[in-house]
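Work through the exercises below with the structure in view. Try each task before you read its solution.

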Amino acid sequence: MAETKYRPAEGSTETTEKGKQHYRNRAKKLKRSKFLANAKRFGKRESFGRGVELEQTEYNYLVSILEAMTKQKETEERQLIANNVMNQLKGKEIRTASNQVGSRVLENLLVYTSEETFAALMDMFAENFRVFCCDAFASHVLQKMLHIAMLRAVAPLQSMQDEQEGGPQSKKQKPGGSEWNDSSIWPCVEYSMKEQYSEEHRKKGRKFVERIAKFLMNNLEEFVWDAKANFVIRQCMLNLSGITEKKIVDGSESKHLNVPEEWHKLLHEFCTRLLAWPQFADLVHMELTAVMLQDLLRAVAVTGDTFQLEQFISKLYKEVFRPSKKKMNEEQIEDDKEGVDSALPIIFTNESILRLLEVCIVVAPAKFLKDKLFAKLFRGRMKQLALSRECNFAVQKLIDHTSDKDMMDLIFGELEGSMEKMLQVGHTGVLLVLAKACVRLSCQQGKFVKLFLEALHCEEVAPEKMIMAVLCLIPVDVTPINAPKIHLHGSLVLQAILDFNKPIKFVTALLGMPNDRLAEILTDPRGSFIANAFIQGRFVGEKSREKLVRHLEGQYCQLALTVHGSRVVEIMYEAGNPAQRENIVRELAEQCAQLNNKPWSAKVNKRLLVDTYKRDPARWRIAIKNDDKVGKMFSKLVEKRKIEN
């Protein structure tokens, strides 16, 4: 949840500064970063890892390998280490995998093992599936084994387009950086997809994945309730659909791998078996099994099987989200009536069910979302849910995935009177998704601006006060405890408003601010992206863009000397006309020596040829014209190749 900058309303019992998992998550990160240091320290105390007890020599050897892996960057050296260590551990794999340090070492070594070594390990794992599934540490090794086998098996099935776009990772993701096990030292996806393996080895990897899927299916009734084996089931479900990332960004088209049709059939069988369980409705009440259902929903959605997906969501809707009156009475929950402000149903008070509902919102077909999930669960309760600490995220997902204008009008109608209250309790994410929905669906834009400014008490104030109230999400008549900082959601809301059909009020306000204050905003990591929104806004006029470039004159040196401001300088340079571009470079040339002191400003210096301008402005004009010609030729060539492909 986003942080607020002023005190919550009187009588509010909600903590608005940090989520309840904040300190626990921070402790986990610190623990992961200190794993090697802790392993060494425990070794000196003659405590040789949790799990199966190892000999001191074995433990020290594994710690030394773990330390070597953190330093080694060359692929060939990694391969050499992996194969040498696996030869040393031959016959001891199960004992090693069942030790905490040994498990960590094996997880990272498996990626770079040779075909022969990996094939032998697959045979050994297949003979001991139950041992690996039910052990606290060995189960992690099995997950990694399954992941790597899947990657090696399906690499040839990926299209050339995927390879050109960088494989299964998203653009913001570093290659191999986001793994199922985020404690991995060495990258997995990038290496496994690019390395050349024999067809026989790939077939063996495919059979291994299918074999473990069938084993897990045959033992589903036992393993679903086991904390260790449940993780393996989830890994298997995701891999059968081609998902390589555990954390899928909701609301985006997350890339996934192409997998054999037989794998989709196995996933279909997993889903069919779970749906047929008499105790299916009980799965949602435990976090362990509810998360498994979330992953299964994501996996089924990726396969494109709309019939099974709707069947799955419909069963959840009937048996969990909208149970019979008899069951609701047993749970002492009043029957929900449209338009009646009644007590919230159990789906909004049980965290496991609520998170499952959020995933359903993300993957549900548009008609089901409108007619069932919104109409029967959310309608009449939007304000109450938006102000709830636990439920406001479900509201955000609902708004973010709304594609129907009529549905959006109904949502907006319920929330329009509670914007100020949402600011007070810190649920600014709801305001952000509302602004984005107004842009996406081209509706309620004028009303949003009016109500938003009323909530901030800045309808009739000076431009600077209005912009700062929006950016900091603090009403102008509220005095914050500490000096206000730009709020991430405030910046994103302003960026969305600049993409409205009529953003003139905010365009005028930004141009009406003193240029030194505007430059101060644009040097902020959160505020700098306002420049992008202003220049790229579809309904921001060309003259307004040129006015902004001219308005910032005298501040370009200050901008160029900061990390985020230097990027703004380049944006303004591209947006300006030839005369304005020369004015920007002339201003930078006055402090040319300072530009080379920082890497970001040196980049601006090189990009805009500031040194050349300082020596000879006429030569600079010729050089810039030549650069523009080359850039246009290159752009045409790229476009031509895209058309041909």
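**Exercise 1: the annotated repeats**

Task: Which residues does the UniProt annotation "repeat: Pumilio" cover?

Solution: The unreviewed UniProt entry places this annotation on residues 88-123 and 551-586. UniProt annotations may be inferred rather than shown by experiment. The model is predicted, local features need pLDDT of at least 70, and side-chain atom pairs count only at pLDDT 80 or more, while totals for chains, interfaces and linings use all residues. Residues are numbered from 1 along each chain as its sequence is written, and side-chain values use heavy atoms, without hydrogens and water.

Next, take each span. Residues 88-123 are 69% helix and 0% strand, with end C-alpha atoms 18 Å apart. Residues 551-586 are 78% helix and 0% strand, and their end C-alpha atoms lie 16 Å apart. Helices here are DSSP runs (H or I, at least four residues), and strands are runs of E (at least two).

**Exercise 2: the faces of a helix**

Task: Find the buried residues of helix H37 (residues 599-608).

Solution: Buried means under 20% relative accessible area, exposed over 50%, with partly exposed in between (1.4 Å probe, protein chains only). Ser 601, Val 604, Asn 605 and Leu 608 are buried. Seen down the axis of H37, they fall within an arc of 100°, so they line one face. The arc is taken from the directions from helix axis to C-beta atoms. On the other side, Pro 599, Lys 603 and Lys 606 are exposed. After H37 comes Leu 609, with a positive phi near 55°.
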